[in-house]
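Subject: A structure for you to look at

Hello,

Please open it first, then read on.

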Amino acid sequence: MPIYEYECLKCGGKFEVRQAMGETGSGLSCPKCHAPNPKRLVSSFFRSGSSEDDVMGASCPTCSSGVCGLPPML
Ligand SMILES: [Zn+2]
């Protein structure tokens with residue numbers, strides 16, 4: 001399940017939310033100031049261009065083979 005990063009439009013705080021594919025995030029609120037409707041940022045999940053199956057396999061988003069030493073971004 002991908003993790004989406006949100007930015008609070010009120011306090012500027014960023015937080016991550018684990019959501020199923022297709023969920024919109026409506027109804028979310030900032031964990032710090034509880035302001036509604038945070039802005040969804042482009043997540044590493046989408047930047048990597050991986051499919052959901054690739055993420056499920058916990059492959060390294062940087063090198064795709066897990067040999068670069070960086071932990072998988074899950
Ligand atoms: Zn906030």
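Which residues make up the largest nonpolar core? Before the answer, please keep in mind that this is a predicted model. The core has eight residues, namely Tyr4, Tyr6, Cys8, Phe15, Val17, Leu28, Cys30 and Ala35. Strands S1 and S2 are the elements that each give two or more residues to this core. As general background, nonpolar side chains tend to be buried together in soluble globular proteins.

Two names from that list, Cys8 and Cys30, also turn up at the metal site. The zinc ion is coordinated by the SG atoms of Cys8, Cys11, Cys30 and Cys33, at 2.3 Å. The angles among these four donor atoms run from 103 to 119 degrees, and the site is tetrahedral. Along the chain, the donors follow the spacing C-x2-C-x18-C-x2-C. Cys8 sits in the loop between strand S1 (3-7) and strand S2 (14-18), while Cys30 belongs to the loop between S2 and strand S3 (39-40), so this pair ties together parts that are 22 residues apart in sequence.

Cys30 counts as buried because its relative accessible area is 1%, under the 20% cut-off. Cys33, by contrast, is partly exposed, at 26% relative accessibility. Leaving aside residues up to four places away in sequence, Cys30 touches Cys8, Cys11, Phe15 and Ala35.

Two more places are worth a visit. Gln19 lies in the loop between S2 and S3, and it counts as buried because its relative accessibility is 3%. The Gln19 side chain makes a polar contact, at 3.5 Å, with the side chain of Arg40.

Val42 is in the loop between S3 and helix H1 (44-47). Val42 counts as exposed, since its relative accessibility is 55% and the cut-off for exposed is over 50%. Val42 and Tyr4 are 38 residues apart in sequence, and their C-alpha atoms are 7.7 Å apart in space.

Terms used: Residues numbered from 1 in each chain as written. Predicted model: local features only at pLDDT ≥ 70, side-chain atom pairs only at ≥ 80, totals over all residues. Heavy atoms only, no water. Donors = N, O, S within 2.8 Å, 3.2 Å for Na, K, Ca; no water. Tetrahedral: all angles 85-135°; square planar, octahedral: opposite > 155°, others 65-115°. Helix = DSSP H or I, 4+ residues; strand = E, 2+ residues; numbered from the N terminus. Core = buried A, V, L, I, M, F, W, Y, C linked by side-chain atoms within 4.5 Å. Buried < 20%, exposed > 50% of the residue type's maximum accessible area, 1.4 Å probe, protein only. Contact = heavy atoms within 4.5 Å. Polar contact = N/O pair within 3.5 Å; in protein donor to acceptor, adjacent residues only side chain to side chain.
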